[in-house]
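User: I am new to this structure. Can you walk me through how to read its features?

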Amino acid sequence: MSDPNNYKATGVQTPTAPPCSVDTESQTPATGGTQTQTQTQNPPVAGTGVGRFIERWKREDMLKKGCFGLRCIALLFSLFAFIIMASNKHGDWRDFDKYDEYRYLLAIAILSTLYTILLVLIQVYQLSTNKEIFSRKNSAFLDFFGDQLMAYLLLSAASSAVPLTNRMRENNDNIFTDSSASAIGMEFVAFLAMAVSAIVSGYKLSKQTYL
């Protein structure tokens, strides 16, 4: 064995162990991988809120367009019922204005036509300009109760004219009774459109979070 004192005497430096180097490169990917995994598991809250807002906006836009289409259908068939019944005058007993049921049906057809024209014009303005005439709260209430009332009136008018028309057609099936039956059928279709619109309006009203 060699004596350490001999190294000092001869001027040769004593050998020392090389310093241990820290492998920092191997640790960096692990840290970066942990950060990436953390970001993947915890998505940003702002992105989730924006997604919900866009989804809600699309749903509201679809409901608006659905109500618009239903009211256009109600307008069309109410107008047809009004025109058919107003022109149902063929002399003697075959005049609609001699029967209370037919006068009531005509009055409701006119009222439904005016109501749906007003709503369609309002919705056309809102869809084209993206501006609200009324506040959302007031608009939801007006749509729901207005559609419900008009649907009830349409059903009431059509139902009241059915028995009279059936009695007439048992003895005399002619152009007068056919026109009356056509007007009643048009009013029933208008009622169905307004009833579905009232359901959609009720759904929109139930989803108002600020009420």
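Analyst: Start with salt bridges. A salt bridge is a side-chain nitrogen of Lys or Arg within 4 Å of a carboxyl oxygen of Asp or Glu. Keep in mind that this is a predicted model.

User: Which residue forms a salt bridge with Asp100, and how far apart are the closest N and O atoms?

Analyst: The general idea comes first. Side chains of opposite charge can pair when their charged atoms come close. Here, Asp100 pairs with Arg103, and the closest N and O atoms are 2.0 Å apart.

User: Where do Asp100 and Arg103 lie?

Analyst: An α-helix has 3.6 residues a turn, so residues three or four places apart point the same way. Asp100 and Arg103 are 3 residues apart in helix H4, about one turn of the helix.

User: Is Asp100 buried or exposed?

Analyst: Asp100 is exposed, because its relative accessible area is 52% and the cut-off for exposed is over 50%. Arg103, at 36%, counts as partly exposed.

User: How many salt bridges does a search of the whole structure find?

Analyst: The search finds 5. Another one joins Arg71 to Asp147, with 2.8 Å between the closest N and O atoms. This pair links distant parts of the chain: Arg71 is in helix H3, Asp147 is in helix H5, and 76 residues separate them. Arg71 and Asp147 are both buried.

User: Which residues are linked with Arg71 in a network of salt bridges?

Analyst: Asp143 and Asp147 are linked with Arg71 in that network.

User: What does Asp143 touch, leaving out residues up to four places away in sequence?

Analyst: Look for contacts between parts of the chain that are apart in sequence. Asp143 touches Arg71, Tyr115, Leu119, Ser201 and Lys204. Asp143 itself is found in helix H5, which covers residues 136–171. Asp143 counts as buried because its relative accessible area is 12%, and buried means under 20%.

User: Which residue meets Arg169 in a salt bridge?

Analyst: Asp178 does, at 3.1 Å from N to O. Arg169 lies in helix H5. Both partners are partly exposed: Arg169 has a relative accessibility of 34%, and Asp178 has 35%. Arg169 also touches Thr177 and Ala181, with close sequence neighbours left out. The C-alpha atoms of Arg169 and Ala181 are 9.6 Å apart, and the two residues are 12 residues apart along the chain.

User: Where is Ser179, and what is it in contact with?

Analyst: Ser179 is in helix H6, residues 175–206. Leaving aside neighbours within four places, Ser179 contacts Ile84, Asn88 and His90. Ser179 is buried, with a relative accessible area of 17%.

User: Now the backbone. What is the phi of Asp92?

Analyst: Most residues other than glycine have a negative phi. Asp92 has a positive phi of about 60°, although it is not a glycine. Asp92 sits in the loop between H3 and helix H4. Asp92 is exposed, with a relative accessible area of 58%.

User: Which residue follows H4?

Analyst: Asn130 follows H4, and its phi is positive too, near 60°.

User: How far does H4 reach from its first C-alpha to its last?

Analyst: Compare the reach of a helix with the reach expected from its residue count. H4 has 30 residues and reaches 44 Å, close to the 44 Å expected at 1.5 Å a residue.

User: Which residues does UniProt list for "transmembrane region"?

Analyst: The unreviewed UniProt entry lists residues 68–86, 106–128, 140–162 and 182–203. Check such a record against the model. Residues 68–86 are 100% helix and 0% strand, with end C-alpha atoms 27 Å apart. Residues 106–128 are 100% helix and 0% strand as well, with end C-alpha atoms 33 Å apart.

User: Which residues form a nonpolar patch on the surface?

Analyst: Leu76, Leu79, Phe80 and Ile83 form the patch, with about 310 Å² of accessible area together. Leu79 lies in helix H3, residues 45–86. Leu79 is partly exposed, with a relative accessible area of 31%.

Technical notes:
Residues numbered from 1 in each chain as written. Predicted model: local features only at pLDDT ≥ 70, side-chain atom pairs only at ≥ 80, totals over all residues. Heavy atoms only, no water. Patch = residues over 30% accessible without salt bridge, like charges linked within 9 Å, V, L, I, M, F, W, Y side chains within 5 Å. Areas by Shrake-Rupley, 256 points an atom, 1.4 Å probe, with all protein chains shown as cover. Helix = DSSP H or I, 4+ residues; strand = E, 2+ residues; numbered from the N terminus. Buried < 20%, exposed > 50% of the residue type's maximum accessible area, 1.4 Å probe, protein only. UniProt positions renumbered as here; feature names shortened; annotations may be inferred. Contact = heavy atoms within 4.5 Å. Expected span 1.5 Å × (residues − 1).
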